[in-house]
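I opened this notebook to record what I looked up in a structure that was new to me. The entries follow the order of my reading.

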Amino acid sequence: MTALPLTALPAGPVRQTLRTRREGPVLTIELNTPEHGNTVTDALLDDLLAVLQDQDPAIRVLVLTGSGDDFSLGGDRGEFARHLATDPTGSGIRVSGTKARRVCDALTGNPAVTIARVHGKAIGAGMALALACDLRVGSEDATFRLPELALGLPTAWGGLLPRLINEVGAARVRELVLTGRAFTAAEAHALSILQKVVPVHELDAAVDAWARPVVRRPPAALRVTKTLLNSLSAASRLADVSTLDAELMAAVVSEAYRARGD
């Protein structure tokens with residue numbers, strides 16, 4: 001297969017925060033605001049959703065990565081503040097939270113096998129985007145953190161918490177969420193947040209080693225198997241209240257905002 005060059009998506013009101021590359025049945029989506037650490041903004045969520053909704057059915061593997069030094073530094077706190085300044089009741093945060101859930105669901109439920117290629121920092125919402133993928137490989141220098149509680153926010157973004165508990169286990173997730181400490185790629189691998197850790201210069205080879213056999217699988221069998229895996233994983237959650245993520249985030253943040261105003 002001959003790789004098409006990594007280029008900016010068409011200019012216009014959407015798709016300004018991403019670059020894509022198509023190589024046969026493999027589509028790579030690169031978060032492309034490195035000057036801001038690939039923070040997760042409403043614009044980035046809109047662009048991701050547009051690409052995922054327009055995805056060619058012939059795509060068998062979708063790779064999610066980030067440009068620059070980091071995968072993603074997480075949510076944009078400045079945008080949160082602007083939402084609250086516009087409407088202290090949190091309506092803007094509800095809209096943003098709903099977008100986050102739709103994007104993460106589109107990654108998890110994608111008919112293609114999704115691979116997160118993680119390097120540098122993957123924080124908060126950035127970690128949630130990676131966790132929404134089927135397979136996750138990280139560089140040895142990758143680090144992870146869930147800082148929401150320290151910022152006065154609930155860990156309620158894109159269905160992160162039930163996914164994390166399902167992959168890692170409740171006891172370990174409790175410790176990561178309540179302390180908000182950073183942890184290494186090696187620990188992320190031990191926790192099954194990453195399935196593979198490699199030197200940074202071997203990331204592309206690791207992605208390719210996963211993608212090559214997948215693209216040879218019969219499309220119908222691949223789709224059905226992914227659906228089965230997702231269904232069985234969801235069935236193991238006794239209660240998934242992540243549909244309330246946007247409401248919880250809006251309620252907590254707007255209450256904190258009003259309290260500061262008092």
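What percentage of the 262 residues of the chain count as buried? I found that 48% of them do, where buried means under 20% relative accessible area, exposed over 50% and partly exposed in between (1.4 Å probe, protein chains only).

Entry on the source. I noted that this is a predicted model, in which local features need pLDDT of at least 70 and side-chain atom pairs count only at pLDDT 80 or more, while totals for chains, interfaces and linings use all residues. Residues are numbered from 1 along each chain as its sequence is written, and side-chain values use heavy atoms, with hydrogens and water left out.

Entry on the whole chain. I counted 10 helices and 10 strands; these are DSSP runs numbered from the N terminus, helices being H or I of at least four residues and strands E of at least two. I looked up contacts (heavy atoms within 4.5 Å): among those with a separation of 6 or more, 71% join residues 24 or more positions apart.

Entry on the cores. A nonpolar core is a set of buried Ala, Val, Leu, Ile, Met, Phe, Trp, Tyr and Cys residues joined through side-chain atoms within 4.5 Å. The largest one has 47 residues, and I saw that Leu129, Phe144 and Ile193 touch the most other members. Leaving aside residues up to four places away in sequence, Phe144 touches several residues, including Val118, Met127, Phe183 and Leu194. I then recorded a second, separate core of 15 residues, with Val26, Val61, Val137 and Ala211 among them.

Entry on helix α8. This helix spans residues 203-215, and its 13 residues reach 18 Å from the first C-alpha to the last. That is close to the expected 18 Å, taken as 1.5 Å times one less than the number of residues. I listed its buried residues, among them Leu203, Trp210 and Val214.

Entry on helix α2. Which residues of α2 (residues 77-86) are buried? I found Glu79, Phe80, His83 and Leu84. They lie on the same side of α2, because they cover an arc of only 140° around the axis, the arc being that of the directions from the helix axis to the C-beta atoms. The face turned away from this buried side carries the exposed residues Arg82, Ala85 and Thr86. At the start of α2, I noted a side-chain oxygen of Asp76 within 2.9 Å of the backbone nitrogen of Gly78.

Entry on Arg21. I located Arg21 in strand β2 (residues 18-23). Arg21 is partly exposed because its relative accessible area is 27%.

Technical notes:
A polar contact is a pair of N or O atoms within 3.5 Å; within protein, one must be able to donate a hydrogen and the other to accept it, and residues adjacent in sequence count only if both atoms are side-chain atoms.
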